[in-house]
Structure formats: structure tokens, C-alpha cells
Amino acid sequence: MKTQLRADQYLAGEKQVIVVGGGHAGCEAALAAARMGAQTLLITLSPETAAMAPCNPAIGGPAKSTVVREIDALGGAMAEITDAAQIQMRMLNTGKGAAVRALRAQIDKALYQQLMLRKLEHQDNLSIRQGEVSSLLIEDGAVAGVACANGAVYAAPTVILCSGTYLNGKILIGEFEQTSGPLGHPAACALGQEMRQRGWQMARFKTGTPARIDARSIDFSQTELQPGQPDLYFSFLTQPGQYQRPMVPCWLTYTNPQTHEIIRANLSRAPLYSGRIEGVGPRYCPSIEDKVVRFASRTSHQLFLEPQGEDCREYYVQGMSSSLPEDVQLAFMRTIPGLQKVEIVRPAYAIEYDCIDARQLDNTLQCKHTRGLYCAGQINGTSGYEEAAGQGLLAGVNAAASVLGLPAFVLSRADSYIGVLVDDLITKGTNEPYRLFTSRSEYRLLLRQDNADLRLTERGLAYPGLISPARAQAYFAKKAAIEAEISRLKSTHPKQAQLAALGIEAQRELTLATLLARPQLDYAQIAAIAPPPQPLDEQVCEQAEIAIKYEGYIKKQLEQVERFRRLEERRLPSQIDYLSIKALSSEGAQKLDKYRPASIGQAGRISGVSPADVNVLLIWLEQQRAARR
């Protein structure tokens with residue numbers, strides 16, 4: 001390290017990877033890097049709050065559940081710990097196709113944190129330090145380490161920033177505001193200010209969270225029961241009965257015109273409408289005051305009362321985030337069925353924070369202007385624990401790969417929802433907290449939650465240590481069983497008696513697979529008349545059924561993916577002078593010059609770059625290739 005230390009600083013250690021922040025992104029980043037053998041340091045304001053869930057006590061949901069499974073397929077911790085800490089799990093969208101089905105788990109928030117901290121503490125090659133990183137050490141355009149507020153300096157060739165909503169965080173509750181991170185934890189102001197001074201392109205975003213209420217003050221008899229479903233798991237390795245967890249229900253209630261009237265009468269006291277909030281909030285998760293204004297014709301909005309733990313008296317009021325004063329929160333909540341005598345344990349609040357324009361990053365989440373510096377999680381403008389964890393894992397693998405001499409680990413839109421997320425961020429940016437949806441993926445029939453391991457686990461095996469031997473063994477056994485069962489179904493012709501049992505007339509060309517392809521039949525019915533030689537795992541049966549039922553659609557989507565890959569393989573040199581290519585449109589040339597896409601495919605996804613501009617680039621590449629012959 002070339003940097004001269006100040007008199008009040010000292011060299012506290014040297015590592016290969018430093019992770020700043022112990023949220024969901026930081027935990028997955030640190031674990032991934034350490035599993036690969038990189039000497040890793042996790043610096044966090046409070047180790048006890050590792051993987052804290054400051055907002056809803058839940059993991060998963062549409063698209064997000066796929067990310068959790070992708071993390072699991074690559075050896076990450078989120079799915080495993082969710083299974084061990086869940087108090088309820090449900091499968092959403094069961095009436096729809098496999099591409100949009102989604103697991104969602106309620107978690108015991110305190111237990112989830114305890115289990116994650118235990119995993120961090122027992123991970124080889126990983127050290128944890130409490131502290132606040134106040135500045136980055138940059139030498140010759142590359143990161144060299146970090147400096148902490150207490151004078152400790154840690155040297156490392158790679159640093160991953162996972163600062164969540166802590167950068168210059170500010171909490172607002174009505175007329176009250178204070179500099180703070182989530183739930184009253186300290187904000188990271190020094191690092192946020194330094195990043196602005198260094199010329200980072202920054203944005204100011206806002207999010208919010210509902211009040212937590214005392215379960216003893218809820219009249220559950222006036223609400224609707226929302227039970228969970230048994231025998232559902234996130235991790236591909238979780239076995240039935242492995243975790244003896246309780247089934248704690250959620251409850252449904254609704255706002256009403258009286259609720260809305262109180263909110264409207266106090267809008268002048270809401271920071272969102274008084275002009276005191278500068279940050280841009282999430283469009284898809286508006287506050288209750290925003291809902292009342294934007295959807296004025298609605299007479300009610302549904303609210304879910306979600307337990308925060310197995311033996312916890314706090315309930316989370318899902319659907320009612322707010323920044324109104326606490327007295328107003330109490331008044332409007334007491335108009336809601338079941339909450340007429342409610343007591344608030346923690347008031348709802350809005351939080352503003354700094355984040356970066358992620359178009360300053362490449363597809364490994366490395367900063368384009370500072371080698372070895374990676375960013376993951378809400379610092380990149382995203383929302384959600386799952387999106388953060390997926391980015392953390394990707395950044396952790398790539399930081400470790402860079403110091404261990406391994407190739408970069410890149411996930412594309414055709415590979416995973418993590419790839420969709422990263423590609424959206426680095427090519428399009430976001431002007432509000434980004435949230436994943438299944439509709440963001442053009443290949444969602446291929447990128448399902450049920451096949452994440454089949455898509456990604458073998459890719460992870462190229463990075464020694466990332467995938468455990470037990471996971472690899474289970475994966476290959478599952479893959480072989482799926483292939484064998486699909487082959488059996490395609491080659492077996494049912495007998496007349498078997499067809500009669502299904503009410504189908506005998507036909508020579510029929511196989512079990514052609515029967516299964518029929519909409520009115522499912523795998524259970526086929527297995528009932530022609531069972532496999534040995535009982536099969538439920539995951540194997542599911543994959544065989546999906547592969548056969550959707551075979552035609554999957555084939556078409558694979559053809560689309562191949563066209564996508566051809567454009568991604570047309571690489572663009574990093575030093576192109578786009579402004580000198582006269583045939584490009586003025587806007588296209590400026591956007592290309594600013595964001596420096598890595599490929600033709602990525603160039604075409606940048607806002608302002610037209611199809612005509614893409615054709616110009618293709619011609620330019622051919623001319624350059626011809627000139628080199």
C-alpha cells in the first residue's frame with residue numbers, strides 16, 4: 001500500500017477482499033469470497049444486526065423467489081437460512097404456469113439474523129470487524145483498502161461496498177427527522193460525502209416501512225386468517241422434516257373511508273407532501289398516504305398483519321408504510337377492523353439515503369473508474385433483500401476471482417434473474433428504487449424458480465470452493481434422475497389397460513410423454529398407471545413434467561436466447577471513439593460514449609440508442625475486422 005497514513009491512523013490488517021456492510025448483500029458477498037478461499041474481511045457497524053430485515057419479515061415473492069433459488073444454486077446462504085427460520089411459507093400464483101409461481105416465506109427476523117451471524121462466524125477465511133468505514137483508499141485508479149472512523153486502516157486489492165440505506169440516511173416521521181440508518185441505527189455520512197466529493201454520480205432515493213404493533217392489542221376475530229402451507233422449502237438441499245418449524249398464520253384486514261379521511265386531513269403534516277422529502281420513492285410500494293391520493297376512488301386497501309417472529313408480540317402492518325406523525329398513524333389505524341384498540345410499538349417512518357447510478361459499473365458489478373471496487377445491494381438503487389443478496393453473491397465471486405486469477409463470473413439476461421437485474425441496472429439505470437418482476441425478463445419461461453440449480457450450479461463449479469461437494473453430488477444425482485425419467489416417459493408406450501384407466505382409447509403412437517403433454521393430465525396421473533422403477537424425489541417429477549408439458553414453448557425460447565447470445569458475443573472495444581462515428585445519431589453517440597457498453601446486445605438496451613445505431617455499430621465492427629485482415 002502506497003498511501004501515507006495520517007498520525008491518527010494505523011494499519012490494522014491486510015486482506016484480499018474487504019466487504020463494507022453486513023446486510024443481505026454484504027453477508028452473501030463475504031461468504032462467497034471466503035468459500036472460494038480469498039482472505040476476506042467483513043466490516044459492519046454492528047455484527048449483531050447481520051442480515052437485518054428492517055422492513056417486512058418475509059423472503060421471496062414473484063421473481064424474488066427465483067433470485068433466492070439462484071443464490072442457493074450457487075452455494076449462497078439465503079435459502080438455507082430462510083428454511084431454518086421460517087414461520088410460514090406459501091406458494092403464490094398456483095393457478096398460473098410454472099414461470100410465475102413463487103414461494104414466499106414469513107421469517108422469524110431475530111432467528112434469521114442469529115443464524116446468519118453464526119454462519120459468518122464459522123466460515124473459514126472470513127473475519128468480522130465492527131466499525132464504520134469513512135473513506136476508500138484509491139491508488140493509481142484502483143482501490144487499495146479502506147479507512148475507518150476510529151483510525152483503523154485495512155489494505156486490500158478489492159473492496160465491495162454494500163452500504164444499504166445507510167449512506168447519508170435520514171429518517172422522517174411527520175415533523176420529526178434525524179440523521180439515521182434503518183430502525184435508528186447510525187447512518188454512514190462520512191463515506192457518502194466522500195463518494196460525492198470523488199465525483200460519483202449519485203441519486204437520492206426514499207423508502208418507507210409500516211408501524212409495528214402490539215399483538216395483544218389486535219382483535220384477530222375481526223380479521224381474515226391467512227394460513228401457510230406445509231412442506232415447502234427454498235433450498236434445493238432442504239429435506240422434508242429437516243427443520244421442525246411452527247406454522248404461524250398471518251391475518252388480513254382492510255382500510256375504509258374513515259381511514260382515508262383522516263389521512264387526507266393530515267397530508268400537510270406528511271413529509272411526502274410538505275416538500276421535506278427529496279428522495280424518489282418506490283412506485284410499486286407506495287406509502288398509505290400516496291395510495292389514498294393516487295387511488296382516490298378506492299374505498300379500501302388490503303393490509304396483512306404479519307408476525308415478526310415465532311414468539312414475538314410485534315406484528316408488521318404490510319401495506320401501510322407511512323411518514324405521517326405518530327399521533328396520526330395511531331388515529332387512522334384505530335379505524336381499521338381488528339385494530340380499534342391498537343398500540344404502536346414502533347412508528348412507521350420514511351428513510352432517505354444516497355445511492356449511485358449503477359451505469360458506472362460493469363457486468364461484474366465492478367466500478368468502471370476504480371479497479372477492484374465493487375458495489376452491491378441498495379447502494380446500486382435496488383430495493384428488496386433478495387435483489388441485494390443476489391448482487392452481493394455476484395460481487396463476492398468476482399472480487400475473489402480477480403485476486404485468485406480466475407475468470408470473471410458474468411450472468412446474462414438469458415442465464416438468471418440476477419443477470420436481468422444487473423443488466424437493467426448497468427444499461428438502463430433506474431430513477432426510482434428498482435424492484436424485480438417476472439415481467440422484466442423476456443426469457444421467464446426458462447428462468448423459473450424450480451430449475452435454478454439446473455441453470456447455475458454447474459457454472460458455479462468452475463469456481464473452486466463456491467459449491468460444496470455435498471451440493472455438487474446432490475445436483476448431479478438429481479440431474480441424472482431427471483434425464484432418466486424424461487427418457488422413460490418418451491420411450492414407454494402405455495398398455496391398453498393403462499389407457500383405459502385414464503379413459504383414453506388405444507393408439508399406437510402414444511407414449512407416456514405424449515399423454516403427459518395433454519393439458520388435462522398431470523404427472524401424478526401418469527405415474528399412477530405407469531410408475532417409475534424406483535420412487536422419485538418430488539423435484540425430479542416436477543422437472544420431468546415441466547420439460548414435457550412446455551417442450552414446444554421452451555424450444556422457441558431457446559431459439560430466442562441463441563439470437564440474444566449472438567449479439568452478446570459481438571464485443572465492443574472499450575476505447576471506441578463513438579463521437580467520431582458520423583452515422584450514429586447524436587443522442588446514440590453521446591449515450592454510447594457515456595456508458596461504454598461491452599457488447600452490441602448491451603448497446604441496444606441503452607435508452608436513446610436506436611436500432612439504426614445498432615446497425616451502424618455492426619457495420620463499423622465489420623469494417624474494423626476487414627481492415628485487420
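Buried means under 20% relative accessible area, exposed means over 50%, and partly exposed lies in between (1.4 Å probe, protein chains only). The model is predicted: local features need pLDDT of at least 70, side-chain atom pairs count only at pLDDT 80 or more, and totals for chains, interfaces and linings use all residues. Residues are numbered from 1 along each chain as its sequence is written, and side-chain values use heavy atoms, with hydrogens and water left out.

Q: Why is R605 called buried?
A: Its relative accessible area is 15%. The limit is under 20%, so R605 counts as buried.

Q: What makes R605 and D423 a salt bridge?
A: The rule asks for a side-chain nitrogen of Lys or Arg within 4 Å of a carboxyl oxygen of Asp or Glu. In R605 and D423 the closest N and O atoms are 2.5 Å apart, so the pair meets the rule. R605 lies in the loop between helix 20 (600-604) and helix 21 (611-628), and D423 in helix 11 (residues 417-428), so the pair ties together parts that are 182 residues apart in sequence. D423 is buried, at 8% relative accessibility.

Q: How do you know that D214 and R216 form a salt bridge, and which of them is buried or exposed?
A: Their N to O distance is 2.9 Å. D214 has a relative accessible area of 14%, so D214 is buried. R216 stands at 61%, so R216 is exposed.

Q: What is the N to O distance in the salt bridge of D357 and R359?
A: It is 3.1 Å. D357 is buried, at 15% relative accessibility.

Q: How many salt bridges does this rule give?
A: The count comes to 40. A network of salt bridges links K170, E177, R196, R204, R276, E352 and D354.

Q: Why is D537 called partly exposed?
A: Its relative accessibility is 41%. That falls between the limits for buried and exposed, so D537 is partly exposed. D537 sits in the loop between helix 16 (523-529) and helix 17 (538-549).

Q: Why is T66 called buried?
A: T66 has 2% relative accessibility, so T66 counts as buried. Its place is in helix 2 (residues 64-73). T66 and F234 are 168 residues apart in sequence, and their C-alpha atoms are 9.4 Å apart in space.

Notes:
Helix = DSSP H or I, 4+ residues; strand = E, 2+ residues; numbered from the N terminus.
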